[in-house]
Amino acid sequence: MTPVKPRTLSGIQPTGQLHLGNYLGAMRNWVAQQEKYDNYFCVVDLHAITIPHDPQQLRAATRAVAALYLACGIDLTHATIFIQSHIPAHSQLTWLLMTQTPLNWLEAMTQFKEKSLRQGENVGAGLLNYPVLMAADILLYQPHAVPVGADQKEHIEITRDIARRFNSLYGETFRLPEPLIQKEGARIMSLTDGTKKMSKSDESDLSRINLLDAPDEIQKKIKKAKTDPIRGLTLDPKRPESTNLLTIYALLTSQALESVAQEFAISGWGQFKPKLTDATIAFLEPMQERYRHFTTEPGYLEAILKQGAEKAHALAHETLYQASTNLGLLLPP
Ligand code: TRP
């Protein structure tokens, strides 16, 4: 008998294009550790509609993110890939959990405060309840661990708080998951401002390298990337751009950060940037090739997503049933 592996669940929003920050901060770790776990990876399209969006772009991005999961090396013998909205239990459990979540917990979330500031008057209730939907995503699958970037820690904490509260009020229902946060590379910064996270929502496309960027775009972006007037690259919190680009280089070439820092300690930016460009293009090319393969073969991706949804549904439904019963909902005959 093969021992049962611990389970993980994680997800990425299909808003905009996936970039190196997504890959180096999260997906790369998913792939590196996938054999140790029974993994569930979803494309969280219901989260993507909590901010203003374009329906057609959302559909395309949802498909693209699923294909990039495969292209970056997620292996279906260790993982289930599915689309969040294909499993109605995510929406259903969200309602159940919303009734049990104190409003002030949600109002205190950093992401809500930031995003609602940006949106002014028109803050949808979905933005406030975003963390509850995320808690439902996670708790439905009873995972032991949630592999995410460092910025998601607060969301895992509120998930645990909601689960703990539910369990204590209505009996043991949910497993409390642990965040699984990789230290190195967990936070890749913007190319145009080394103090800001590389982000899909940054207005400037020059701030990020998208996983599907063509070689000439990559070259242009790295050429324009912010530098400082100091010669020689160092790992120095006071030099965020230098630290960030060295980190990216080290991760893409699978070298230790320290040895990369040594290599470029006396090089000028003009020597370093072409090397970073070459490394980035060489790294992304095979991924882009696999992406094209998965997206051009008709029905291929659809078949994977259908299978994924069936597997995810079975697990999610069990937890939803348990939560409904424990809350005292009368089940249909
Ligand atoms: N909030 C996550 C992000 O922005 C996305 C997400 C939604 C997620 N549901 C999840 C991540 C469940 C992990 C598990 O990156």
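1. Helices (H or I, at least four residues) and strands (E, at least two) are DSSP runs, numbered from the N terminus. Counted in this way, the protein has 14 helices and 5 strands. The radius of gyration, taken over C-alpha atoms, is 21 Å, close to the 20 Å that the globule rule gives for 333 residues, so the protein is as compact as a globular protein of that length; the globule rule itself is 2.2 Å times the number of residues to the power 0.38.

2. Please keep in mind that this is a predicted model, in which local features need pLDDT of at least 70 and side-chain atom pairs count only at pLDDT 80 or more, while totals for chains, interfaces and linings use all residues. Residues are numbered from 1 along each chain as its sequence is written, and side-chain values use heavy atoms, with hydrogens and water left out.

3. On overall dimensions, the C-alpha trace spans about 70 × 45 × 40 Å along its principal axes.

4. As for burial, 50% of the 333 residues are buried, where buried means under 20% relative accessible area, exposed over 50%, and partly exposed in between (1.4 Å probe, protein chains only).

5. The cysteines deserve a careful look, given that a disulfide is a pair of cysteine sulfur atoms within 2.5 Å. By this rule the count comes to 0 disulfides. Cys 42 is in no disulfide, and the nearest cysteine sulfur, that of Cys 72, is 14 Å away.

6. Is Ser 242 buried or exposed? This residue, found in helix H11 (residues 240–252), counts as buried because its relative accessibility is 0%. Leaving aside residues up to four places away in sequence, Ser 242 touches Asp 228, Leu 233, Thr 234 and Trp 269.

7. Ile 49 lies in the loop between helix H2 (45–48) and helix H3 (55–71), and with a relative accessible area of 43% Ile 49 is partly exposed.

Key. Contact means heavy atoms within 4.5 Å.
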